[in-house]
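Please examine the sequence and the structure shown below.

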Amino acid sequence: MSETREHTEHTARPGSGTGGRHLVAVLALPGFPPFELGIPSRVFGSAVGEDGEDLYEVVVCTADGAPVLSDSGFTLQPAAGPEALAAADTVIVPPTHAMPELALGGPLPPAVAAAIARIRPGTRLVSICTGSYVLAAAGFLDDRPATTHWNLAREFRRAYPRVRIDEEVLFVDDGDVLTSAGVSAGVDLCLHMIRRDHGVAVTNRAARMCVVPPWRDGGQAQFIDRPVPEPSVASTTATRAWALERLAEPVTLAELAAHARMSLRTFTRRFRDEVGMTPVQWLTAQRLELARHLLESSDLPVDLVAHRAGFGSANSLRQHMRSTLGVSPIAYRRTFQPASS
């Protein structure tokens, strides 16, 4: 299982913010956790162009413009009210711990529903962790793939049976609606949106400024509560590093297990426990990531990209990209390098 599900679509466009910047409105709801609320400001605020210009403007707002109490006991004075939602290019909904009725499939509070109704059609909608309950209660997730915190997936399914919830991934990109898993998965999703908007170079700079990896391996499965292995049990970390240096080569499962000095069965089990997917799935995901980087940042022919990423042929790369991302290598490159089309 890959750590994401996504629909790749170029969304960078003249924004509604100051100086044409992409305007991100973050909706602070009563009972918000401070960490998750601060993620968009920190990550998008670190995204700058080649000349150091800010690419996003982030505004924290509330449903009625009034202060709201966090789940940590302090009150937030917002910069704006619901008018920010109406103007935004992207609306992000962090979690709330003060709306238990949503866990039962209940309606949104009237003020919140009225504020969300002001969002323009075509606005990119995003949730972090249990902010997905708000999007689901508003009907935005009906018949669409989404994710939320793994520990709440069963409850979420009962409350919103029309949502195709997947608790194994860190985030889901369904084009104009994106959802993330718990807490730091919100960082992963914000970086993904920067990458979708502006490419890998801008994303890497933003990630370095935030001192976080621009991309994390594995899904939520690696965080689900399970018996902890004994410290003496060998890890697959060194073998993963070894494989990353040989993505262009036809590395087999047997070679991976041999490098880790484990049997095939033990290695496969240990790998899945640590990473949240099988070795073959992980290797394919890493090769796709390398291919995407090469398509975004170079003018190498697709055949050579496929070879360097370990797919062997352009046809193989094309099949994997279509099944995973829904686009061909040429279309993907055109998204990030429109001048090359």
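Leu283 is located in helix α11. Helices, here and below, are DSSP runs of H or I with at least four residues, strands are runs of E with at least two, and both are numbered from the N terminus. The model is a predicted one, in which local features need pLDDT of at least 70 and side-chain atom pairs count only at pLDDT 80 or more, while totals for chains, interfaces and linings use all residues. Residues are numbered from 1 along each chain as its sequence is written, and side-chain values use heavy atoms, with hydrogens and water left out.

Is Leu283 buried or exposed? With a relative accessible area of 6%, Leu283 is buried; the term means under 20% relative accessible area, whereas exposed means over 50% and partly exposed lies in between, for a 1.4 Å probe and protein chains only. Leu283 touches Ala243, Leu247 and Val251, if residues up to four places away in sequence are not counted. A contact of this kind means heavy atoms within 4.5 Å. Leu283 and Thr252 are 31 residues apart in sequence, and their C-alpha atoms are 9.7 Å apart in space.

The chain as a whole may now be considered. It contains 14 helices and 11 strands. Of its 341 residues, 51% count as buried. Among the contacts with a separation of 6 or more, 67% are between residues 24 or more positions apart.

The next topic is the packing of helices. Two packed helices are described by the angle between their axes and the distance between the axes. The axes are lines fitted to C-alpha atoms, for helices over the stretch in contact, and the angles run from 0 to 180 degrees between N-to-C directions. Helix α11 (residues 279-297) and helix α13 (residues 314-325) have axes that come within 11 Å and cross at roughly 100°. The two helices α11 and α13 are therefore roughly perpendicular to each other; this term covers 65 to 115 degrees, while angles under 35 degrees count as roughly parallel, over 145 as roughly antiparallel and the rest as oblique. On the α11 side, Thr284, Leu288, Ala291, Arg292 and Leu295 take part, and they meet Leu317, His320, Met321, Thr324 and Leu325 in α13. The residues of this contact divide into 6 nonpolar, 3 polar and 1 charged. In this division Ala, Val, Leu, Ile, Met, Phe, Trp, Tyr, Cys and Pro count as nonpolar, Asp, Glu, Lys and Arg as charged, and the others, Gly among them, as polar.

Another pair of helices is α8 (residues 237-244) and α10, which pack at an angle of about 90° with their axes 11 Å apart. Helix α8 is therefore roughly perpendicular to α10. Thr237, Thr239 and Arg240 in α8 meet Phe267, Phe271, Glu274 and Val275 in α10. This contact of α8 with α10 comprises 3 nonpolar, 2 polar and 2 charged residues.

Arg240 lies over the face of Phe271, at 5.9 Å from the ring centre. A charge sits over a ring if NZ of Lys or CZ of Arg is within 6 Å of the ring centre and within 35 degrees of the ring normal.

Rings may also pair with one another. Rings of Phe, Tyr and Trp (its six-membered ring) pair if their centres lie within 6.5 Å; planes under 30 degrees apart count as stacked, over 60 as edge-to-face and the rest as tilted. By this rule there are 7 aromatic pairs. In one of them, the ring centres of Tyr133 and Phe156 are 4.9 Å apart and the planes stand at 75°, so the pair is edge-to-face. This pair links distant parts of the chain, for Tyr133 is in helix α4 (residues 131-137) and Phe156 in helix α5 (residues 153-159), 23 residues apart. Tyr133 is buried at a relative accessible area of 5%, and Phe156 is buried at 0%. In the pair of Phe267 and Phe271, the ring centres are 5.6 Å apart and the planes are at 55°, so the pair is tilted. Phe267 and Phe271 are 4 residues apart in helix α10 (residues 264-275) and therefore separated by about one helical turn.

The backbone of two loops remains. Most residues other than glycine have a negative phi. Asp143, although not a glycine, has a positive phi of about 60°, and it is found in the loop between α4 and β8 (145-146). Val211, also not a glycine, has a positive phi of about 55° and lies in the loop between α7 (200-210) and α8. Asp143 is partly exposed, with a relative accessible area of 46%, whereas Val211 is exposed, at 71%.
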